[in-house]
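Please keep the sequence and the structure in view while reading.

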Amino acid sequence: MTPLKLIEKAEEARLHSYSPYSGFKVGAALLCSDGTVYTGCNIENASFTPTICAERTAFFKAVYDGRRDFTAIAIVGGKDTPDSACAPCGVCRQVMGEFCGPDFMVYFPDGKGGIIAEPLSAILPHSFKL
């Protein structure tokens, strides 16, 4: 699946966002090695701590289904339209580090009509591992 198609799936997932407090809607599309895609959206909570990011929603759905073979993720987000760069937060990067190798690809719009494509090793150079 191309990065652009993966971003389109993330944009579809973004429509399911529950974000009444920030208004910042995020969608993610997680690609497995066999082409299966798991999507997720951010889900906010009034006390904020229980809020979950779109990326983790997608990962946790996939892990629940027994998947551990991830190749890429696309993330889109924004207040009204997904037109700005929406890089994964540190917590989501650490979750990626738990389940993915250094060559796992992360795609997100650059805010100027292009796509940023980075391997996990570039966006999480020193992940915590036990």
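Strands E1 and E3 pair in the antiparallel sense, with eight bridges between them; two strands count as paired if DSSP finds at least two bridges between them, and helices (H or I, at least four residues) and strands (E, at least two) are DSSP runs numbered from the N terminus. This is a predicted model, in which local features need pLDDT of at least 70 and side-chain atom pairs count only at pLDDT 80 or more, while totals for chains, interfaces and linings use all residues. Residues are numbered from 1 along each chain as its sequence is written, and side-chain values use heavy atoms, with hydrogens and water left out.

**The sheet as a whole**
- The open sheet consists of five strands in the order E2-E1-E3-E4-E5, and its pairing is mixed.
- Strand E2 (37-41) and strand E5 (115-119) are the edge strands, each pairing on one side only.
- From one strand to the next the twist averages 15°, where axes are lines fitted to C-alpha atoms, for helices over the stretch in contact, and angles run from 0 to 180 degrees between N-to-C directions.

**Strand E3 and its partners**
- Within the pairing of E1 with E3, leucine 30 has isoleucine 73 of E3 as its bridge partner.
- Strand E3 (residues 70-78) also pairs with strand E4 (residues 105-109), here in the parallel sense and over three bridges.
- Eight of the nine residues of E3 are buried, so that the strand is mostly covered; buried means under 20% relative accessible area, exposed over 50%, and partly exposed in between (1.4 Å probe, protein chains only).

- Because four of its five residues are buried, E4 is largely enclosed by the rest of the structure.
- E4 and E5 run antiparallel and are joined by five bridges, and methionine 105 stands opposite proline 119 in E5.
- These two strands, E4 and E5, form a hairpin with five residues between them, and glycine 111 in the turn has a positive phi of about 85°.

**Helices across the sheet**
- Helix H1 (residues 3-14) lies across strand E1 (25-32), E2, E3, E4 and E5, and runs at about 50° to E3; contact means heavy atoms within 4.5 Å.
- Helix H2 (residues 54-64) lies across E1, E2 and E3, and runs at about 140° to E2.
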